Amino acid sequence: MPGSIEKANNLAGLARRRVAIDPLSKPVYAVLGLALGAEVAILAASDFYLGSPSLPLNLAQLIALAIAAAFVRGLGFERAALFIEAVCILPIAGALAVTATVFMAAISGPFADPWLAAADRALGFDFKALVQFYGQHPWIATLSRYAYMSFAIQASLVPVLLALAGHGQRMWILFNAWVLSLLVAVLVFPLVPAAGPFAYHGIAQDVFEQWKRLFPWETGPAISALRDGSMRDVTAAARGFISLPSFHAAGGAMFIWACWDLRTLRWPMLALNLALIASTIVTGAHYLIDIIAGLALAAAALHLSLRWNSPRSAA
């Protein structure tokens with residue numbers, strides 16, 4: 001009996017000595033933890049409220065998974081922990097970012113649409129002409145919609161594929177770049193809020209009747225309602241507010257990088273994400289300059305993440 005107790009104590013000590021958090025994940029967990037704390041403080045100190053329990057309940061479940069991953073890694077099951085983190089980290093980041101943009105919209109400056117549209121004109125880009133082209137070729141509009149919708153699916157599947165393929169370091173480099181990009185996008189958003197090119201150019205809401213989507217015309221009024229205090233329900237207000245930089249464009253670029261070493265997926269993912277990036281202009285209601293800024297952000301974030309996670313940095 002004493003021997004069994006001693007053996008159990010030794011196993012418990014070994015589990016405690018194991019690293020519960022992957023060192024590569026520390027920047028991600030630090031940013032997410034600070035964001036969570038800040039958002040809870042804002043909710044407690046302001047007149048914002050959660051009209052539905054769905055958002056906090058989903059977030060609590062995802063955080064519970066992240067905690068479970070640390071426990072599993074502490075027991076020595078690294079691959080299992082990596083898989084759990086592959087499932088939960090990007091959804092946690094997304095939920096916190098969407099909530100943060102609601103708070104940021106309330107303190108945002110004047111709409112930047114005139115400046116963004118002027119930048120597009122300087123680049124020789126005609127948004128209305130592209131919308132007209134989509135209208136004349138409904139099949140392109142349909143393909144564009146499916147490419148755009150693949151963003152959420154890829155955000156769920158790409159990390160899992162990396163984890164299952166044993167590319168744990170690559171997964172964390174992606175997560176570091178992803179969270180850094182989200183942080184920059186959220187902080188930049190109140191400086192350049194936009195109603196969007198559909199509203200700014202006066203394009204009719206029935207231009208793509210088969211889509212049955214109104215969000216390109218709802219963004220501006222929602223931001224205005226958050227500014228003037230008439231909207232304070234975070235769950236009702238939550239949506240994709242960010243115009244510049246386009247996070248769909250940034251995410252598409254990061255998906256291409258993440259899957260580049262998976263030979264069977266390299267070219268299909270390249271084609272899919274080039275289509276995703278192209279679709280972001282009309283289907284995602286973005287200015288061209290938003291896309292360029294999103295691609296630049298992804299390149300910078302990946303560069304920094306690769307430097308942070310290089311052997312020299314880890315030494």
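Which element gives the largest share of the lining of the largest pocket? That would be α7, with 7 residues. Keep in mind as you click around that this is a predicted model.

**Stop 1: the largest pocket.** Show the pocket surface: about 900 Å³ of space lies in the largest pocket. Its lining has 32 residues, and the ones to select for its centre are Val 98, Tyr 148, Phe 151, Gly 240 and His 248, which lie nearest to it. Now colour by element: α4 (78–106), α7, α8 (168–188), α10 (215–228) and α12 each give two or more residues to this lining. Switch to colouring by residue class and you get 19 nonpolar, 10 polar and 3 charged.

**Stop 2: α7 against α12.** Select residues 138–164 for helix α7 and 247–259 for helix α12; their axes come within 10 Å and cross at roughly 35 degrees. The crossing is left-handed. On the α7 side, pick Tyr 148, Phe 151, Gln 154, Ala 155, Val 158 and Leu 162; they meet Phe 247, His 248, Gly 251, Phe 255, Ala 258 and Cys 259 in α12. That contact counts 9 nonpolar and 3 polar residues, with no charged ones.

**Stop 3: α7 against α13.** For the contact, select Ser 144, Ala 147, Tyr 148, Ser 150, Phe 151, Gln 154, Val 158 and Leu 161 in α7, then Leu 265, Met 269, Leu 272, Asn 273, Ala 275, Leu 276 and Ser 279 in α13. By class that comes to 10 nonpolar, 5 polar and no charged residues.

**Stop 4: the second largest pocket.** How much space lies in the second largest pocket? About 350 Å³. Of its 19 lining residues, go for Ala 35, Glu 39, Ala 100, Leu 183 and Val 186, the closest to its centre. Highlight α2 (26–45), α4 and α8, which each supply at least two residues of the lining. The largest share comes from α2, with 7 residues. Colour this lining by class to finish: 18 nonpolar, no polar and 1 charged.

How values were computed:
Residues are numbered from 1 along each chain as its sequence is written. This is a predicted model: local features need pLDDT of at least 70, side-chain atom pairs count only at pLDDT 80 or more; totals for chains, interfaces and linings use all residues. Side-chain values use heavy atoms; hydrogens and water are left out. Axes are lines fitted to C-alpha atoms, for helices over the stretch in contact, and angles run from 0 to 180 degrees between N-to-C directions. Helices (H or I, at least four residues) and strands (E, at least two) are DSSP runs, numbered from the N terminus. A crossing is left-handed if the near helix is turned anticlockwise from the far one by less than a right angle, and right-handed if clockwise. Contact means heavy atoms within 4.5 Å. Ala, Val, Leu, Ile, Met, Phe, Trp, Tyr, Cys and Pro count as nonpolar, Asp, Glu, Lys and Arg as charged, and the others, Gly among them, as polar. On a 1 Å grid over the protein atoms alone, a cavity is a set of points where a 1.4 Å probe fits but cannot get out, and a pocket is an open set with protein on both sides within 12 Å along at least five of seven lines; lining residues have an atom within 4 Å of a point. Grid points are joined across faces, edges and corners, and a volume is the space filled by probe spheres set on the points.
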